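Subject: Structure handover

Hello,

Here is the complex I promised to pass on. Please open it alongside this note.

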Amino acid sequence: MSVLDVAGLAVEYPGGVRAVDGVSFSVDAGEALVLLGESGSGKTTAARTVLGLPGRGARVSGSVTLSGTDLRALDARGWSRVRGARIGYVPQDPTGSLDPLRRIGPQLAEVLLRHRRADGRRAAREAVPALLAEAGVAEPERVARAYPHELSGGLRQRAAIAIAVCCGPELLIADEPTTALDALVRGRVLDLFDELRRRRGIALLLVTHDLTAARRIGGRVAVLRTGRISGTGPTEQVLGASPGTAADAEADPADPAADAADAADGMVAAEPGGRR
Amino acid sequence: MTLTTKPTKPAGPAGPVEPGPVEPGPVEPGAVRRAPRDVLLLLSAGAAALLVLLALGAPLVAPYDPAAGSLEDRLLDPGAPGHLLGTDGQGRDVLSRLLWAGRASLVGGLVPVLVAVTAGTLLGIAAGLGGRVTEQVLLRTLDVLYAFPGVLLAIAVATLLRPGLGATVLALSVVLTPAVARVAFTELRRIRTAEYLEAARVSGAGGLDLAVRQVVPVVAPVVLVYAASLVGLSVVYAAGLSFLGLGVAPPTAEWGAMLDELRPSLFTHPWVAVQPALVILLVSVVFNTLGERLRRRIGDSGAHLPEAGR
Amino acid sequence: MTGFLLRRLLLAVPTLLGVTVVVFATVALVPGDPLTALLGPGAPPEARHELSERLGLDEPLPLRYLGWLGGVAGGDLGVSISAQRPVAELLGSALGQTLLLAGAAFLLVLAGGVLLGALGALRPNGPLGRLCDALGTLAVSAPQYSVALLLIAVFAVNLRWLPAGGTHDVFGGGGAGDLLRHLVLPAVAAALVPLGLTAKVFRAALSTVLAGELADSLRARGLSRFAVLRHCVHNASPALLTIGGLQLAYLLEGVVFVETLFAWPGVGRLLYDALTARDLPLVQGGVLVVAVAFVGINLLVDAAHAAIDPRVRS
């Protein structure tokens, strides 16, 4: 049974702009789905609508179901029980998503307490280092005491991931989680997503414009163009067999140089869909 | 902030948020539609024009000679026959005086802004295009002037001069120039690395040529919009200086001076005494609204402008 | 942290020196005969001679400045012409009254500014938010002297609810309640402009945070509305602090008008009297004290900023 089921999702903004126009997809437990598209294709809007944060003035239609829960029917209180607990969210830029004025540890502990995953402040504080370590942080004690600006981009993103998965969510949504990172770190962070998916059976919805990242995550891919899905299927098949679709996605001029560097670093396996 | 650099924008949430390749998407609906006509902008611009016209046309509109009083008609309340807004302690018609006072008051408010725009832009460009030494010397000097609260700096300068409209204008010019210079400098620094400037520099354009042909057109709109938001402040400061006796000499009508003249009758004829105060408040609201709407008009590029209150 | 503050303190030194140069210049450069300017036209020759000696008027300007600066550093601000008492003494007793008034006004500024700003940011398109925005604009445009006169006319003369001036009633017994009654109107008159500015800046800062990536990712963590707001207010607070500090300084100059109109015996009123009497040493001392306080407040704001934001410290 699917963890996430999206059917006929459409998002319209005032002024008649349809950012997402009849999109359907599903993600199973332990499976990865990559939403691939250039900027403006509606991929971020789709992901954020799943999370119930489509932005001011948006009109949403269609259905979004999380393991039997109708997310479209949730009120504010219901949403705050789902977000952070059943759906983890890793935003694009950890510099903007972590509170710059609070240390990492308290930010993580706050989420644990909110969703009652810890009994009291003390227990929450004590649970932090282990959770950071699980996100691949080498010195969890030090990182817990650090302010976000004192950490490298990679460590910041790992901290953001730790916050996203600390309550054991069924679904993890990651929006361009590696765009702000340099090439070397990028591959390792993608591997962390892969590991979380396989070991903990989390359903992963990854939003990206980066073909290399899509190949590295593997699983299935859905290519979005102007708010519609223009192609879907296993990653190797879509990105390997259909050069037209792939070229469309690659037309994004965002950072070909970084992609090249990524490949040159040997961080990406030679063949498409290379997973270790 | 303070001593080195005044904040040019509210020190935001998390300092500079790196833009990153955010998917633009249609998140900002307002950007898609055309901006609606700004009613407040039109209203305040109309009101400002009307105020200037009334001051200019005072000889034609004012019912009485502003300096001529009659002893029988002293301190009439507003609504008295023949004197719509009443009379002052010397029996002079308050409406006529308020109209005439607009001339001195608006000169005291507008001229310093014009001076500050000219001098401030030049200083800002000199600091931005000159060498490191020029830049540091100018910026430090401006910092010192900036370290004074506005009214006190104006008082300090005005005490050096013989009281009069000239003293007001000069003092306020000194107060406002550093603020304008800073805006011009900041704006210039934003574009200093711009490619066309580099290109012009590489192709051998001289400093002055560069300043006039490339920089002024870019800096001017922002400076002018900022200056518009200074007019209200300047009018208030000018009237304040007159109220303190540093402005126009007694027989001349000026809003701040009238405030001081009518003060003794505040307890017996409060509604006469508060009229200059109300006029200054009204003028201040009109010019501040105009300045704020103009700022909003230029949108994002104006978001970094400091608030006009120094 | 200590290093940061030391650097700031060092940067303040040239500014302070610049301030003293400007204040010194206001008297040294006064046109005409400085002795007449300082003592008035009818002063006896021996007084003129004594003052000329004391000021070292025959010495070159830089030397005179240094001598004057030395005096200032030792608390010697000269003698008031109109009161014939040391300027430092006059200012010292007035400063307490001014700080009381400015402090009361500052509380109003913070409370009102945060309230108007927060409501404006939380309800940007609703009627309540628009009302708050409009009130903010109105407050910014309300000159202290206009507000002071209007308040006196309405609440003291017409309604007779509150006293029109002074700090205590003649037969009021001098209690704290009496003082408070006298404090209300001047504090409101002094507070409006800075209150409006604070509201505007805080609203802009809070709106930016609330619409930003941080607020969304906090919501995505499932935090309560209140918790999200708490984080956002915290992140908007450096802007509040910066503008708040500026406004506290601004209050110190606004009191010139407010104290004069309400007969409040502080530095502002002293300055007004000194201006009317052309009492230059007193003007000079008053301007210097307020300007130095202004620089000092800015330093305090920097320190508080560093305490809130770890990025400023490092």
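pLDDT is the predictor's confidence in each residue, on a scale from 0 to 100. You will need that first, since this is a predicted model. Chain C averages a pLDDT of 83, and 92% of its residues score at least 70. Within chain C, helix α5 (residues 87-122) has the highest mean among the elements, at 90. The lowest mean there belongs to α2(C), at 65.

Chain B averages 75, with 77% of the residues at 70 or above. Its confidence is highest in helix α2 (residues 39-56) of chain B, at a mean of 90. It is lowest in helix α1 (residues 29-32) of chain B, at 41. Residues 1-34 of chain B have a pLDDT below 50. That stretch still has 78 contacts in the model beyond near neighbours in sequence. For the complex, the predictor gives an ipTM of 0.80 and a pTM of 0.76.

Now the interfaces.

Chain C with chain B. Here 61 residues of chain C are in contact with 48 residues of chain B. On the chain C side, the elements that supply at least two residues each are α1, α6 (127-140), α7 (144-158), α8 (176-210), α9 (213-220), α10 (225-261), α11 (267-276) and α12 (280-308). The largest share comes from α10(C), with eleven residues. By class, this side of chain C has 43 nonpolar, 13 polar and five charged residues.

Chain A with chain C. The contact takes 22 residues from chain A and 19 residues from chain C. On the chain A side, α2 (76-82), α3 (94-97) and α4 (104-114) supply at least two residues each. α2(A) gives the most, with three residues. The side of chain A that touches chain C divides into eleven nonpolar, six polar and five charged residues.

Next, the inside of chain C.

Chain C is divided into domain 1 (2-73) and domain 2 (94-313). Their centres, taken over C-alpha atoms, are 32 Å apart. Contact between the two involves 14 residues of domain 1 of chain C and 13 residues of domain 2 of chain C. Which elements give two or more residues to the domain 1 side? They are α1 (2-28) and α2 (34-39) of chain C. α1(C) provides the largest share of that side, eleven residues. By class, the domain 1 side has eleven nonpolar, two polar and one charged residues.

Last, chain A itself.

The sheet. Four strands of chain A form an open sheet, in the order β2-β1-β4-β5, with antiparallel pairing. β2 (17-28) and β5 (69-70) of chain A stand at the edges, each with a single partner strand, so one side of each has no neighbour in the sheet. Strand β1 (residues 2-13) of chain A and strand β4 (residues 59-66) of chain A run antiparallel and are joined by seven bridges. One place to look is A:V11, whose bridge partner in β4(A) is A:V60. Helix α1 (residues 43-50) of chain A lies across β1, β2 and β4 of chain A. That helix runs at about 120° to β1(A).

The helix pair. α4(A) packs with helix α5 (residues 120-134) of chain A at an angle of about 115°. Their axes are 8 Å apart. The crossing of α4(A) past α5(A) is right-handed. From α4(A), the contact uses A:G105, A:L108, A:A109, A:L112 and A:L113. From α5(A), it uses A:R121, A:A124, A:R125, A:A127, A:V128 and A:L131. By class, this contact has eight nonpolar, one polar and two charged residues. Recall that α4(A) is also one of the elements on the side of chain A that touches chain C.

The hairpin. Strand β9 (residues 220-225) of chain A and strand β10 (residues 228-234) of chain A pair in the antiparallel sense over six bridges. A:R220 stands opposite A:P234 in β10(A). Two residues lie between the strands of this β9(A)-β10(A) hairpin. In the turn, A:T226 has a positive phi of about 40°.

Over to you.

Best wishes

Methods:
Residues numbered from 1 in each chain as written. Chains lettered and ligands numbered in written order. Predicted model: local features only at pLDDT ≥ 70, side-chain atom pairs only at ≥ 80, totals over all residues. Contact = placed C-beta atoms within 7 Å. Nonpolar A, V, L, I, M, F, W, Y, C, P; charged D, E, K, R; others polar. Domains from an automatic or database assignment. Pairing = 2+ DSSP bridges. Axes fitted to C-alpha atoms, helices over the stretch in contact; angles between N-to-C directions. Left-handed = near helix turned anticlockwise from the far one by under 90°.
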